[in-house]
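Work through the exercises below with the predicted model open. Each task is followed by a solution in steps.

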Amino acid sequence: PHRLAIRWTALLIAFAAAGLTTAESHRVWRAAPVIESRSRAVVIEGRLLDLDRREQGRRALIAPARIANYGERAPPAKLRVRLREAEVAAAPGDYVKVRALLMPPPGPSLPGGYDFQRDAYFMRLGAVGFAIGPLTQSPPPDGLAPPPWRLWLQSVRARSEEHTSEL
């Protein structure tokens, strides 16, 4: 009986350690640069990952390759920008350019409220903001690989969404 208790205790400790290790590795793997403070107007160039339609307009999810006027810091892995125009001449997978104001993802507005900052961390979303110019297609820099299959699938979804909204 004594040895059985020791084995069960060791097994429980091993499972707890495995769970904590998994959680920590997930946190470290998801870590991505986040901007520290509100930016001046910057020009963002990168791959358009997704385009959402909202009541207030459209939102673009961009994986920036370059952010002009941003300094030497590492750019965020992804950023979300609210667009001014209702129609956009770009589809997910395209290389785009937009002038925007960026800020860090906001935390909860009330204690115990929805924590967008936490969700943004796990989405690898390092900035949010709004466009002060149009979102335009731009030629990709040399050596930039074509979009992966997931971007192609998102572009098909976006075209399908456009088609169904016209009905």
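**Exercise 1.** Find which residues of the largest nonpolar core touch the most other members, and which elements give two or more residues to this core.

Solution. Step 1: the largest nonpolar core has 21 residues, of which Ile44, Ile62 and Leu135 touch the most other members. Step 2: two or more residues of this core come from each of β1, β2 (57-68), β3 (78-82), β4 (95-103) and β5. Step 3: a separate, second core has six residues, among them Leu49, Leu61, Phe116 and Leu125.

**Exercise 2.** List the contacts of Leu135, leaving aside neighbours within four places in sequence.

Solution. Leu135 is in contact with Leu48, Ile62, Leu83, Glu85, Val88, Ala90, Val96, Lys97 and Val98.

**Exercise 3.** Decide whether Asp52 is buried or exposed, and name what Asp52 touches.

Solution. Step 2: the relative accessibility of Asp52 is 18%. Step 3: the cut-off for buried is under 20%, so Asp52 counts as buried. Step 4: not counting residues up to four places away in sequence, Asp52 touches Gly57, Arg58 and Arg59.

**Exercise 4.** Describe the largest cavity and its lining.

Solution. Step 1: the count is one cavity of 30 Å³ or more, and the largest cavity has a volume of about 30 Å³. Step 2: 10 residues line the largest cavity, and Ala32, Val34, Tyr121, Arg124 and Leu125 are the closest to its centre. Step 3: α2 (116-123) and β5 (125-131) are the elements that give two or more residues to the lining. Step 4: by type, the lining has seven nonpolar residues, one polar and two charged.

Notes:
Residues numbered from 1 in each chain as written. Predicted model: local features only at pLDDT ≥ 70, side-chain atom pairs only at ≥ 80, totals over all residues. Heavy atoms only, no water. 1 Å grid on protein atoms, 1.4 Å probe; cavity = no way out; pocket = protein on both sides within 12 Å on 5 of 7 lines; lining within 4 Å. Points joined across faces, edges and corners; volume = space filled by probe spheres on them. Helix = DSSP H or I, 4+ residues; strand = E, 2+ residues; numbered from the N terminus. Nonpolar A, V, L, I, M, F, W, Y, C, P; charged D, E, K, R; others polar. Buried < 20%, exposed > 50% of the residue type's maximum accessible area, 1.4 Å probe, protein only. Contact = heavy atoms within 4.5 Å. Core = buried A, V, L, I, M, F, W, Y, C linked by side-chain atoms within 4.5 Å.
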